[in-house]
Amino acid sequence: MKVVIISGTNHKGSTYSIGRMVADKLTGADNISEFFLPRDFDEFCLGCTTCFGKGESKCPHYEKLRPITEKIDAADVVILTSPVYVYHATGQMKALLDHYGWRWMVHRPEEKMFGKQAVVVATAAGAGMKSTMKDMADSCFFWGIPKTYKLGKAVRQINWNDVSPKIKQALEKETDAVAGKIKRRNGKVRPGLKTKAFFSIMRMIQRSGWNKADMDYWNEKGWLGKKRPWK
């Protein structure tokens, strides 16, 4: 099983540690790829809409983004982690996800996504995990990922080393449970009714030809006919 972890900060704090905990319970270190933001991607979307109208390869940040895209595509499990920043994901995580707007089902989703699983992780000393995880889980859904697990924890500390043994013990159990579910579903996960319904709505929109680049893509995939990005 291949896993990619994308961390919304440069440092290995509580949020990263929980994400890594899940990854280590899924596979060996050789099958885990890691990216840290903004170290590995530090660009803001320019809002030029070039990715929508002319293709993602025309994005001015395409080459810089490509290593992350390739690892996402190769992974069986995508883990997105972000500490709570003012009740939301970090700006650098949001900046990365903004660059994948063209991959949302409304545009040109990657068919590999419809067979993956994802985990979103958020921590805070106090609150805000729910809205932070939603920031990341929204992209997972609209990319087409059928199953996204949420791990949010109030760790009561700033530094991972200071987190109490009781909380860490609870996290061991929670990550065991998530890892167990992912392993059982690996290679067998399929889109649910919500994903299929949304895909069908997008299919009707694409038939109208509102964006040529998107319509051409859907035509090439055969999705305007009987084919679907899942088996």
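A polar contact is a pair of N or O atoms within 3.5 Å; within protein, one atom must be able to donate a hydrogen and the other to accept it, and residues adjacent in sequence count only if both atoms are side-chain atoms. The model is predicted, so local features need pLDDT of at least 70 and side-chain atom pairs count only at pLDDT 80 or more, while totals for chains, interfaces and linings use all residues. Residues are numbered from 1 along each chain as its sequence is written, and side-chain values use heavy atoms, with hydrogens and water left out.

View 1. Helices (H or I, at least four residues) and strands (E, at least two) are DSSP runs, numbered from the N terminus. The side chain of Q117 makes a polar contact with the side chain of Y149 at 2.7 Å. A polar atom of the Q117 side chain also lies 3.0 Å from the backbone oxygen of I182. With a relative accessible area of 2%, Q117 is buried (buried is under 20% relative accessible area, exposed over 50% and partly exposed in between, with a 1.4 Å probe and protein chains only).

**View 2. Lysine charges over the rings of Y149 and W160.** A charge is placed over a ring if NZ of Lys or CZ of Arg is within 6 Å of the ring centre and within 35 degrees of the ring normal. The charged end of K147 sits over the Y149 ring, 5.4 Å from its centre. K168 lies over the face of W160, and the distance to the ring centre is 4.7 Å.

**View 3. The aromatic pair of Y100 and W143.** Rings of Phe, Tyr and Trp (its six-membered ring) pair if their centres lie within 6.5 Å; planes under 30 degrees apart count as stacked, over 60 as edge-to-face and the rest as tilted. The whole structure holds 14 aromatic pairs. In this one, Y100 and W143 are edge-to-face, with 5.7 Å centre to centre and 80° between the planes. Y100 belongs to the loop between α4 (91–98) and β4 (117–124) and W143 to helix α5 (residues 129–143), so the pair ties together parts 43 residues apart in sequence. Y100 is buried at 1% relative accessibility, and W143 is buried at 2%.

**View 4. W218 and W223 as an edge-to-face pair.** The ring centres of W218 and W223 are 5.3 Å apart, with 85° between the planes. W218 has a relative accessible area of 0% and is buried; W223, at 1%, is buried as well. Both tryptophans belong to a cluster linked by ring pairs, made up of F114, F199, Y217, W218, W223 and W230.

**View 5. A nonpolar surface patch that includes I201.** I201, M204, I205 and W210 form the patch, with about 400 Å² of accessible area together. Patches are made of residues with over 30% relative accessible area and no salt bridge: like charges are joined within 9 Å, nonpolar side chains (Val, Leu, Ile, Met, Phe, Trp, Tyr) within 5 Å. Accessible areas come from the Shrake-Rupley method with a 1.4 Å probe, and for residues only the protein chains shown count as cover. I201 lies in helix α7 (residues 193–207) and is partly exposed, at 42% relative accessible area.

View 6. A salt bridge is a side-chain nitrogen of Lys or Arg within 4 Å of a carboxyl oxygen of Asp or Glu, and the count comes to 18. K64 bridges to E43, with the closest N and O atoms 3.0 Å apart. K64 is partly exposed at 37% relative accessibility, and E43 is partly exposed at 24%. D73 and R103 meet through their side chains in a salt bridge of 2.7 Å, N to O. D73 is buried, with 17% relative accessible area, and R103 is buried, with 6%.

**View 7. The salt bridge of K221 and E111.** The side chains of K221 and E111 meet at 2.6 Å, N to O. K221 is in helix α8 (residues 212–221) and E111 in the loop between α4 and β4, 110 residues apart. K221 is partly exposed at 23% relative accessibility, as is E111 with a relative accessible area of 32%. Elsewhere, salt bridges that share partners join R20, D24 and E34 into one network.
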